[in-house]
Amino acid sequence: MLRKVTLFAVALALVAGPALASGKVREPHPVAFSFEGPFGRFDQAQLQRGYKVYREVCASCHSMNLVAFRNLGDKGGPFFDPKYPNPNDNPVVKALAADSQIRDIDGETGDAIQRPGIPADNFPAPFPNDPASRASNGGVLPPDLSMMAKAREGGPEYIASLLTGFVTPPAGLTVGPGQHYNPWFPGDVSSAWSGDHAHVPEGGFIAMAPPLAPDKVEFDDGTKSTVRQQAQDVAAFLMWTAEPKMEERKQMGFSVLIFLVLFSGLLYASYRRVWRNESH
Amino acid sequence: MSGHSTYEPKTGFERWLDVRLPIVRLGYDSFVDYPTPRNLNYWWTFGGILSLCLGVQIISGIVLAMHYTPSAGAAFASVEHIMRDVNYGWLLRYMHANGASMFFIAVYIHMLRGVYYGSYKAPREVLWILGCVIYLLMMATAFMGYVLPWGQMSFWGATVITNLFSALPVVGQAITTWLWGGFAVDSATLNRFFSLHYLLPFMIAGVVVLHVWALHVVGQNNPTGIDPKSKADTLPFTPYATVKDGFAMSLFLILFAVFIFFMPNAMGHPDNYIPANPMVTPPHIVPEWYFLPFYAILRAIPDKLMGVLAMFGAIACIFALPWLDTSKVKSMRYRPQAKLYFFIFLVACVVLGFCGARLPDDQVIPGLKTLSVMDSDLNSFVWLSRISTAYYFGYFLLVMPLLGLFEKPLPTPETISSPVLGGDKKD
């Protein structure tokens, strides 16, 4: 009895987990990302393509303050090269950093200057501050992308769905100026809906215009540059920026689990041996 | 049980020390020779597991504090610095964050075991109350710890919970301002929460010492609820209990490791990876899972002050349990009716947790509209939590006192060893 009820309680608790989500929003399309599951790893080629999409499209409006160029050459990162265990020596990383201009202060004169980036620099933000960013983006602040894949329900699948999800709004839905309907974006469109109020369309209005287009980014590895491909690649890249130590974590997890299982077996054998003459 | 000490110092140093500070004797009497009932089942291993949890939290926490910056402007970035740039920082943080959840899983099992087997009954009332104090301190520690990453849920959780005190008449607002150290949740609040978050675990450790002391005075309860009567009923703590506890701890660590390494964010909320923003309220503020039942009780009551009182009352009931239960029989093994009410209580707690995670006005059965009572449809989570809250309090305040007077318990065995050793008494 005790066991059955405990199992029931655990099952209920597991059902209660997803209940944390709120609002009426469309479920993200399932994507078979390479990094899913306990054995999943990042696909380095995909991360490189994703970085390119980020750099050429996203980075013109969104900041990514928590990631530095050197991280690109870290183990598990898009440009990791075993020849350069120290990413600061990695020529690809150096070149990518030098492509960006970094706002700095001249140490001699104190003047505000721009200088080419070095691997130690964090990704530069596209705007000097939040009000400037808002002013250039219709009054809405484009969120920082460093943690996006962990900061949204659905993670990378949500990102991929959102980026490909700019559908034609259903008849009866008034989309305001500077707004775009997206069924995957959390929100509430009932005030703009003139149809049946029992069937308000899913999703919300997002200020971001559809950012991707076929062949907008040219992939160096010859992958066909569809919107779907770009969206999935950048979603994978954002998963890496949010969780750069994922591969190290899973790898260590296996060693720890193997140890603990063996250790538990040993302890169980000791337990049986110690208690062999005692009824209980 | 604190009986006669059988410790005999073996070396010259031990003899010398034993006359001056009998600390080895204390350790020997407490963790080697200490007699434990021979019939303890695996539900009794959670005491050891909990001390392991406390150790993991303190050690990982001390190292995290070396890298963390408790200020509103820098806290979020410093946590991400730990995750990205500190060697094995991700491991420390995931250990600490998931460790809190594991701690609560273990403490809830430990407490429910105590309720089921009547471990709070005389002479174990003080032992039980010390346990409740630990639980209360754990809740305070966990709440303040969740504020430290300074994400959206940290900030808004802190705002909601500290605002509860403003419901108190006359002094409420003053207390809230005093707690905040200002007129809103801000750097001053974060900094004092950090200070207290570092302090409270050591207070927990202190109360744990008292808890273990009280335990060793009265002795452990056991699944029969019959106190040991002779040597045949008990076994020395080492090696019998140590090896069993060790095995259970190792299994618990497997579960812990699965969370740390393969699903480290499963028990967290995505919004806490968004930096705190006082200008943007998340659409749905929820506490960590281990507070959800109390959160549901809070929201079940339409009046703010009454809701706060009900929430604290729910915890007060646990403290008062030794005097609420009138049954002469400890273990529910021999109380079939009590068992039934206990399992309904368990379900009510889980349902409350379920309700705490939902918006109050969401429908339990989608698409079904029923009567609207007290401003809410009966088919809503707020009504489900009202029913469960009623049962929660009913269990403590009606079932516990009355059942003991009216129920017919099954016959209980004379001694522990009579059911265990198949009746052949070895007195």
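The legends below describe close-up views of a predicted model.

**View 1. Interface between chain B and chain A.** The contact involves 52 residues of chain B and 49 residues of chain A. About 4,500 Å² is buried between the two chains, with carbon and sulfur atoms giving 72% of that area. The residue pairs in polar contact across this interface number 10.

**View 2. The side of chain B that touches chain A.** Helices H4 (75-84), H5 (89-116), H10 (237-262) and H13 (336-356) of chain B each give two or more residues to this side. H10(B) provides the largest share, 15 residues. By residue class, this side has 40 nonpolar, 5 polar and 7 charged residues.

**View 3. Salt bridge between the chains.** B:Asp85 and A:Arg70 are joined through their side chains in a salt bridge, at 3.3 Å from N to O. The interface of chain B and chain A holds 2 salt bridges.

**View 4. Domain 1 and domain 2 of chain B.** The domain assignment places residues 39-285 of chain B in domain 1 and residues 294-421 in domain 2. Their C-alpha centres are 23 Å apart. In the contact, 41 residues of domain 1 meet 41 residues of domain 2. The buried area is about 3,400 Å², and carbon and sulfur atoms give 71% of it. B:Tyr116, B:Lys121 and B:Leu164 supply 20% of the area that domain 1 buries against domain 2, more than any other three residues.

**View 5. Salt bridge between the domains of chain B.** B:Lys121 pairs with B:Asp325 in a salt bridge, with the closest N and O atoms 2.7 Å apart. Between domain 1 and domain 2 of chain B there are 2 salt bridges.

How values were computed:
Residues numbered from 1 in each chain as written. Chains lettered and ligands numbered in written order. Predicted model: local features only at pLDDT ≥ 70, side-chain atom pairs only at ≥ 80, totals over all residues. Heavy atoms only, no water. Contact = heavy atoms within 4.5 Å. Buried area = accessible area lost by both parts, 1.4 Å probe. Salt bridge = Lys/Arg side-chain N within 4 Å of Asp/Glu carboxyl O. Polar contact = N/O pair within 3.5 Å; in protein donor to acceptor, adjacent residues only side chain to side chain. Helix = DSSP H or I, 4+ residues; strand = E, 2+ residues; numbered from the N terminus. Nonpolar A, V, L, I, M, F, W, Y, C, P; charged D, E, K, R; others polar. Domains from an automatic or database assignment.
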